[in-house]
Amino acid sequence: LAKTTQPISMDSYEGQEVNITCSHNNIATNDYITWYQQFPSQGPRFIIQGYKTKVTNEVASLFIPADRKSSTLSLPRVSLSDTAVYYCLVAQGNTGKLIFGQGTTLQVKP
Amino acid sequence: KAGVTQTPRYLIKTRGQQVTLSCSPISGHRSVSWYQQTPGQGLQFLFEYFSETQRNKGNFPGRFSGRQFSNSRSEMNVSTLELGDSALYLCASSATLSGGGDTQYFGPGTRLTVL
């Protein structure tokens, strides 16, 4: 099973771009890389998912190098409301089982 | 389109009791997965149901069980509650059997407290 490793915490300021890098050395061919955001006492909210190269949506970008052993979530111009825990995880392609790591607690300061 | 709904949102039980939690997936979604979240263990996968059949199972004791109905709604049951079962229980739905990039969408969770 592919486990993920990401920084436990990060600090940023409003208006800055935040990049959170995650490593997943044992990722399998059929696995997808997915990021979720979670606020206290709420369910995780899907942010973005990708398989390789770059994926962009209205809230974030996901960069995945060719070897797929890591990925970087990029949040442009963060605001105070982006303070949350961000989970990088691998969705197993054959079972879909999500393996959650400890997540990165992002603190955005004014 | 309405999101994933879970009932009840909060529940208080005592040790030894049993509890049933309910999850209604997004309309059209056929897969429902259950997760347990605690401060110590984080988010852990319990099981997944698709077309009324359990397809995947995590490493939890047999006291944790579930089922899915023909309308894709799912229930999770925990028998003989222990203090350590206090947690946020989350369900997630996806259109098909999750995998191959099919995104799972989470509900708000049920906060279970065991006294």
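How many bridges join E8(A) to E10(A), and do the two run parallel or antiparallel?

Reply: This is a predicted model. Three bridges join E8(A) to E10(A), and the two strands run antiparallel. One facing pair can be named: A:Tyr86 stands opposite A:Thr104 of E10(A).

E10(A) also pairs with strand E1 of chain A, residues 9-13. Five bridges join E1 and E10(A), and here the strands run parallel. In this pairing, A:Ser12 has A:Val108 of E10(A) as its bridge partner.

Now look along E10 itself, residues 104-109 of chain A. In a regular strand, side chains alternate between the two faces of the sheet. The side chains of E10 in chain A do alternate. A:Thr104, A:Leu106 and A:Val108 point to one face and are buried.

Go back to E8 of chain A. A disulfide ties A:Cys88 to A:Cys22, with the sulfur atoms 2.1 Å apart. A:Cys88 is in strand E8, while A:Cys22 is in strand E2 (residues 18-23) of chain A. The pair links distant parts of the chain, 66 residues apart. The link is left-handed, with -75° about the S-S bond. Both A:Cys22 and A:Cys88 are buried.

A:Arg77 lies between strand E7 (70-75) and strand E8 (84-91) of chain A. A:Arg77 is not a glycine, yet its phi is positive, about 50°. A:Arg77 counts as exposed because its relative accessibility is 64%, and the cut-off is over 50%.

In chain B, a disulfide joins B:Cys23 to B:Cys91, S to S 1.8 Å. B:Cys23 is in strand E3 (residues 19-24) and B:Cys91 in strand E9 of chain B, 68 residues apart. This link is right-handed, with 65° about the S-S bond. B:Cys23 and B:Cys91 are both buried.

Strand E9 of chain B also holds B:Ser93. B:Ser93 is buried because its relative accessibility is 0%, and the cut-off is under 20%. The side chain of B:Ser93 reaches the backbone nitrogen of B:Ile26 at 3.3 Å. Beyond its neighbours up to four places away in sequence, B:Ser93 touches residues including B:Val4, B:His29, B:Val32 and B:Tyr105.

B:Thr80 sits between strand E8 (74-78) and strand E9 (87-94) of chain B. Phi of B:Thr80 is near 45°, a positive value in a residue other than glycine. B:Thr80 counts as partly exposed, at 47% relative accessibility.

Finally, a spot where the two chains meet. B:Gln37 lies in strand E4 (residues 31-38) of chain B. B:Gln37 is buried, with a relative accessible area of 13%. The side chains of B:Gln37 and A:Gln38 are joined by a polar contact of 2.8 Å. B:Gln37 is also in contact with A:Tyr87. Among its contacts in chain B are B:Gly42, B:Leu43 and B:Leu90.

Definitions and conventions. Residues numbered from 1 in each chain as written. Chains lettered and ligands numbered in written order. Predicted model: local features only at pLDDT ≥ 70, side-chain atom pairs only at ≥ 80, totals over all residues. Heavy atoms only, no water. Helix = DSSP H or I, 4+ residues; strand = E, 2+ residues; numbered from the N terminus. Buried < 20%, exposed > 50% of the residue type's maximum accessible area, 1.4 Å probe, protein only. Polar contact = N/O pair within 3.5 Å; in protein donor to acceptor, adjacent residues only side chain to side chain. Contact = heavy atoms within 4.5 Å. Pairing = 2+ DSSP bridges. Disulfide = S-S within 2.5 Å.
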